[in-house]
Structures are given as C-alpha cells and as structure tokens.
Amino acid sequence: MPRFETQKSPMAPYHIRQYQDSDHKSVVDVFTKGMEEHIPSTFRHMLMLPRTLLLLLGVPLALVLVSGSWLLAVVCIFFLLLLLRFLAGQPWKEYVATCLRTDMADITKSYLNAHGSFWVAESGNQVVGIVAALPVKDPPSGRKQLQLFRLSVSSQHRGQGIAKALVRTVLQFARDQGYTDVVLETSTLQQGAMTLYLGMGFQKTGQRFLTMFWRLVGIRTIQLKYPFPSA
C-alpha cells in the first residue's frame, strides 16, 4: 500500500496512506468524535443569540410574576438550558448516524470503488486523521470537479500539520487525475477549518442554510473551491 506523505513533528511522526478495510473502526471513531466536538460550540453559539437570551430571561421572569416563586424560575432556567443543549447536539448526532448508515458503512464501496479515494493519517500504528474525496456528479460546464469530504484529525494530534497534509493529499490526487477544481463545504462554526482552507488557497464561492434549524440559529454552510491553474 503506498504511503503518500511522511512528516515528523516534535510530538510524533505520521504518514498518510490509502484506507484499508481494517481501518474501519478507527476511522469511524475519529469521524464520530470530530463531529461531536462541534456540539459544545453550537451550544455556546446558541446561548449568545439575542432570542435565546430573551427566552432565558423572559420565561423565568414571567414565572416569577405569575407565581412569585424564584425557585420555580431557577428550575425553569435549568430545564431551558437542558433543552438548548439537546437541540445543539441533535443535528450533529443525526448527521453522524446518517453517515454511518450510508457512505461510512462501506468506505471501500463508497469511495475507492466510486472513482474517489479515502486516506488516513497514521501515527504510532494508530489512525489519527482522515479525509475523503469523490467526483462531483454534475459540475459546471467545462469543469471537472472533485469534492473533499470527512476531513478530521483527533484532538490529541492537532497542531502538527496533519490536516494540512491531508488536504494537500487530496489536492495532489485531483491534480494527478486532471480535475480542474477541488470543492468542499464547511460551516461558519468551524473557524479552524475555514482558516486552514483559506490559508491553502481555497476561495469562497457561496453560502447557504442546510436546514431550517441552522437558519434559526444563524449557522451557515460555506462553499469553497480550489481552482487549479489552466495548463
């Protein structure tokens, strides 16, 4: 199995290689933990929304005025926070569950046998990062586009350049296969990813709200493109 890139950091060396079926459990673990890490930041984002602050202040105050009980107001705030925490986590958990039922259920079939690829970053015989790519089915006229998916690095191995190396692997694969662009989507919540992509030369091409929930909480999906220079 070819190894695409090897780097040494002050913490540990790593190398990037193509996915093997024996990696599946580790890959799912990196993916799931990476997605669930967005739940606390989604919760914090929701807490700072004016409508949320109004809810957290207005409903308990109304209870105090009606019942005269400050204890009831405190209990109300507690349950409102629990509800908000549940709402912040549910979209991410549903997304992970959907992915595990679809493309992540059989990675070889979904990516390697579909004219795309899937790579892992390995350090100390442990999978610590992942990234995938698939051809865009209906690209703009005259373009041949590859879409980047599933970029994630375990929290213990960040800051070593692994994410950047994984993105470079996708870019090199696309260049070798004659693609004109690499495209991807991320969210305004994922500032670290946005900084990485923009720093590597990706350009914003659009934005949208994936669902009504994301519209209500003001979290947009950002579309990015890396165009290769014309030959």
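Visitor: In strand E5, which residue is the bridge partner of Ala133?

Guide: It is Leu148. Bear in mind that this is a predicted model.

Visitor: How many bridges join E4 and E5, and in which sense do the strands pair?

Guide: Six bridges join them, and the sense is antiparallel. Strand E5 spans residues 145-153.

Visitor: How many of the ten residues of E4 are buried?

Guide: Eight of them, so the strand is mostly covered, taking buried as under 20% relative accessible area.

Visitor: Which strand pairs with E4 over seven bridges?

Guide: Strand E3, residues 117-123, again in the antiparallel sense. Within this pairing, Val120 stands opposite Ile130 of E4.

Visitor: What lies between E3 and E4?

Guide: Two residues, and the two strands form a hairpin. Look at Gly124 in the turn: its phi is positive, about 60°.

Visitor: How do I read a pair of aromatic rings?

Guide: Two values describe such a pair: how far apart the centres are, and the angle between the planes. A search of this whole structure finds eleven aromatic pairs.

Visitor: Why is the pair of Trp92 and Trp214 edge-to-face?

Guide: Because their planes stand at 65°, and an angle over 60 counts as edge-to-face. The ring centres are 5.6 Å apart.

Visitor: Where in the chain do Trp92 and Trp214 sit?

Guide: Trp92 is in helix H4, residues 70-101, and Trp214 is in helix H8, residues 212-217. The pair links distant parts of the chain, 122 residues apart. Both Trp92 and Trp214 are buried.

Visitor: How far apart are the ring centres of Tyr197 and Phe202?

Guide: They are 5.5 Å apart, with planes at 65°, so this pair is edge-to-face.

Visitor: Are Tyr197 and Phe202 buried or exposed?

Guide: Tyr197 has 5% relative accessibility, so it counts as buried. Phe202 is buried too, at 4%.

Visitor: Which residues form one aromatic cluster?

Guide: Tyr19, Tyr111, Phe118 and Phe149 do.

Visitor: Which residue lies over the face of Tyr179?

Guide: Lys144, at 4.7 Å from the ring centre.

Visitor: Which residues does the UniProt domain annotation cover?

Guide: The unreviewed UniProt entry carries "domain: N-acetyltransferase" over residues 79-229. That span is 38% helix and 30% strand, and its end C-alpha atoms lie 54 Å apart.

Key: Residues numbered from 1 in each chain as written. Predicted model: local features only at pLDDT ≥ 70, side-chain atom pairs only at ≥ 80, totals over all residues. Heavy atoms only, no water. Buried < 20%, exposed > 50% of the residue type's maximum accessible area, 1.4 Å probe, protein only. Helix = DSSP H or I, 4+ residues; strand = E, 2+ residues; numbered from the N terminus. Pairing = 2+ DSSP bridges. UniProt positions renumbered as here; feature names shortened; annotations may be inferred. Phe/Tyr/Trp six-rings, centres within 6.5 Å; stacked < 30°, edge-to-face > 60°. Lys NZ or Arg CZ within 6 Å of the ring centre and 35° of its normal.
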